[in-house]
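Dear colleague,

I am passing on the structure below, and after it you will find my notes on what came out of the analysis. Please read them with the coordinates open beside you.

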Amino acid sequence: MAAAAATLVATEEDKTLVLKAEGEWLLATAAELDRRLRQLDPPPHQPIAIDLGGLDRIDSAGAWLLLRAELELTARGNPVELRNLDPTFAPLFEQVRAGGSLSPVAHPRPDHHTLVGFLARLGAVTLGLCARTYRLLGFFGLVCATMMRLTLRPGRLRLTAMVAQMEQTGVNALAIVGLLAFLVGVVIAYQGADQLRRFGAEIYTVDLLAVGILRELGVLMTAVIIAGRSGSAFTAEIGTMRVTEEIDAMRTLGLDPVEVLVVPRLLALLLTLPMLTLYADLMGLLGGSLMARAALGIAFPEFLSELRNAVGTRTLWIGVVKAPFFAAIIAMIGCYEGFQVSRSAESVGRQTTLAVVEAIFLVIVADAAFSVFFSVLRV
Amino acid sequence: MKPAPPQQPIISVRGLVNRFGAETVHDGLDLEVYAGEVLGVVGGSGTGKSVLLRTIIGLNRPAEGTIEVFGTDLLALAESERREIEKRWGVLFQEGALFSSLTVAQNIEVPLKEFYDLPRGLMDEIAALKIGLAGLPGDAAAKFPAQLSGGMRKRAGLARALALDPEILFLDEPTSGLDAIAAAEFDQLIRDLQQSLGLTVFMVTHDIDSLFAVCDRVAVLVDKKIRVGTLDQILRDDHPWIRNYFHGPRGRAASAAQAGAARLALSDPA
């Protein structure tokens with residue numbers, strides 16, 4: 001198709017401007033022909049004849065160019081005549097004449113490229129955030145009410161679903177949570193050893209490790225991993241069920257989606273996250289103790305006795321007590337965003353991303369709030 | 001009055017074998033599609049109608065067999081040569097498969113931008129032309145796919161399939177999900193465009209009305225192979241599935257309606 005050549009030859013016969021279209025008027029040659037046709041500037045009222053006798057091939061783009069020329073020149077006041085149209089091309093010309101139009105195509109432009117647009121967007125996002133918080137609180141209330149109802153009639157609790165969720169969110173997460181906690185323990189012990197050696201206080205590496213892992217990092221790391229792993233899964237599962245109308249089907253069958261889908265997930269996570277936290281604490285300390293032995297030569301019995309000096313069970317509980325709160329945040333947001341999915345597949349992806357970001361954000365905010373709370377309580 | 005199809009194959013499939021795991025979908029399937037005809041492909045669920053279409057357009061690599069389009073063996077082509085061939089056909093997927101982040105006009109401009117260096121204004125005009133050809137109102141150009149109804153999405157998908165003025169149009173279930181009126185209009189649209197733009201149409205369908213309304217020849221997928229013929233030939237075929245399909249209640253209704261329309265056309269003095 002590289003050899004396609006199309007020409008437009010203008011000649012004058014008895015005051016009539018004759019435009020002779022020749023060759024292959026195809027999409028491939030359209031750009032040049034478009035330029036050529038736009039350069040035409042006949043004097044007003046001069047009759048124009050477009051001679052189509054020399055066309056070898058033409059497609060809808062070529063036909064449109066010729067018909068556009070006809071329309072535009074007619075609009076300028078030049079009488080236009082199409083002549084010598086090959087009958088095999090006639091249906092194409094008819095079709096293009098019926099389908100084509102000179103009205104410009106509108107392209108929606110993003111509006112935040114101006115200052116006003118930016119401010120408008122900022123406002124819209126802020127209002128959207130408020131509205132979302134409000135709806136999330138509403139959802140929280142709905143779930144609480146459902147839980148209350150269930151405590152009155154515990155037989156309705158879906159134990160099988162809950163145990164299945166505990167396996168999904170707990171047992172299946174053991175490998176990744178354990179490995180990451182172990183590695184974080186190794187890193188903290190190594191960094192601590194490096195700094196504290198300068199003061200000859202290597203043994204306090206154990207204190208640093210214990211306080212860091214038990215109070216903060218164990219629970220925070222676990223919550224972040226579970227938000228990415230299970231929170232997103234909640235949104236995707238419930239969201240997919242919304243796309244396939246399963247949730248609507250549930251309602252018509254008299255099942256309460258909150259009771260069937262949300263409560264088992266929430267309860268499962270409330271139980272598994274504290275357990276996973278304890279496990280992560282243990283793995284973190286294990287990693288730290290191995291590193292302490294390798295880098296500082298602190299043997300295991302020595303490590304244990306220093307550990308006993310450094311922290312009491314209270315430090316452990318301060319960490320673990322946060323886990324159910326984080327679990328509630330993750331499960332609530334995961335399920336809530338799942339219900340926010342509209343009937344399209346792409347919104348599943350969008351809400352899942354949103355759920356992970358919101359859950360991690362709120363977990364860290366809650367952790368900060370706990371820090372302030374504990375420092376006020378002086379624990 | 002339908003002109004007799006010129007006997008020159010534009011698509012030719014030979015000895016096609018498609019397997020998914022242990023299941024053989026096609027087993028030594030031969031098919032020829034002639035330039036300028038409308039071929040309707042029918043078959044029961046799971047007989048691999050869409051698989052056949054996807055295999056011809058290169059989305060599914062067959063286990064065995066050759067596929068020639070425009071006289072070139074597609075399976076032996078390099079990537080760049082394939083693209084040259086792909087420019088010469090358009091595909092309408094079942095749900096339209098429009099890019100959801102782009103407006104209808106931008107969807108149509110995607111292939112134009114990819115393959116040709118056209119000025120902005122002309123590109124918009126061509127997009128508007130295709131939108132008009134597909135029978136959509138002009139204000140559909142600025143809409144996003146999510147704002148369109150199912151029937152409009154199909155028309156927009158058709159407009160995009162027509163963007164490069166293809167020689168072959170592949171349609172996957174073009175009338176599925178449309179109501180009877182919209183389906184009949186879509187059939188008519190395909191017929192009009194096929195005749196005015198000189199297209200060859202390969203149409204997978206399960207809509208028996210479409211077969212009677214627009215197809216020059218019908219291909220039926222039975223027993224992992226294909227039987228092709230004019231509608232009359234296929235109607236006389238005594239394969240049990242084909243008999244069931246065309247002589248069941250729906251088939252009879254469609255052929256009765258068609259015969260009625262033909263009688264009406266004959267008695268029309270003009």
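**A buried serine and the contact around it**

A:Ser60 counts as buried because its relative accessibility is 0%, where buried means under 20% relative accessible area, exposed over 50% and partly exposed in between, computed with a 1.4 Å probe on protein chains only. Before going further, please note that this is a predicted model, in which local features need pLDDT of at least 70 and side-chain atom pairs count only at pLDDT 80 or more, while totals for chains, interfaces and linings use all residues. Residues are numbered from 1 along each chain as its sequence is written, chains are lettered from A and ligands numbered from 1 in the order in which they are written, and side-chain values use heavy atoms, with hydrogens and water left out.

A:Ser60 lies in helix H2 of chain A; helices (H or I, at least four residues) and strands (E, at least two) are DSSP runs, numbered from the N terminus. Leaving out residues up to four places away in sequence, A:Ser60 touches A:Leu92 and A:Val96 as well as B:Leu129, B:Lys130, B:Asp165 and B:Leu197, a contact being heavy atoms within 4.5 Å. With B:Asp165 there is also a polar contact between the two side chains, at 2.6 Å; the term stands for a pair of N or O atoms within 3.5 Å, of which, within protein, one must be able to donate a hydrogen and the other to accept it, and residues adjacent in sequence count only if both atoms are side-chain atoms.

**The interface as a whole**

Chain B contributes 31 residues to the contact and chain A contributes 24 residues. Between them the two chains bury about 2200 Å², 67% of it on carbon and sulfur atoms, buried area being the accessible area (1.4 Å probe) that two parts lose on being put together, summed over both. B:Glu125, B:Leu129 and B:Ser196 supply 24% of the area that chain B buries against chain A, more than any other three residues. There are 2 salt bridges between the chains, each a side-chain nitrogen of Lys or Arg within 4 Å of a carboxyl oxygen of Asp or Glu, and one of them joins B:Glu125 to A:Arg68 (2.5 Å, N to O). On chain B, helices H3 (104–115), H4 (120–133) and H6 (180–197) each supply at least two residues of the side that touches chain A, and the largest share, 10 residues, comes from H4(B).

**Cores**

The largest nonpolar core has 70 residues, and those with the most contacts inside it are A:Trp25, A:Ile58, A:Leu66, B:Leu118, B:Leu158 and B:Phe246; such a core is a set of buried Ala, Val, Leu, Ile, Met, Phe, Trp, Tyr and Cys residues joined through side-chain atoms within 4.5 Å. Helix H2 (residues 60–76) of chain A gives the most to this core, with 8 residues.

**Backbone points to check**

A:Glu245, which is not a glycine, has a positive phi of about 65° and is found in the loop between helix H7 (205–243) and helix H8 (246–252) of chain A; this residue counts as partly exposed, at 39% relative accessibility. B:Glu173 also has a positive phi, near 50°, and sits in the loop between strand E7 (168–172) and H6 of chain B, where B:Glu173 is buried, with a relative accessible area of 7%.

With best wishes
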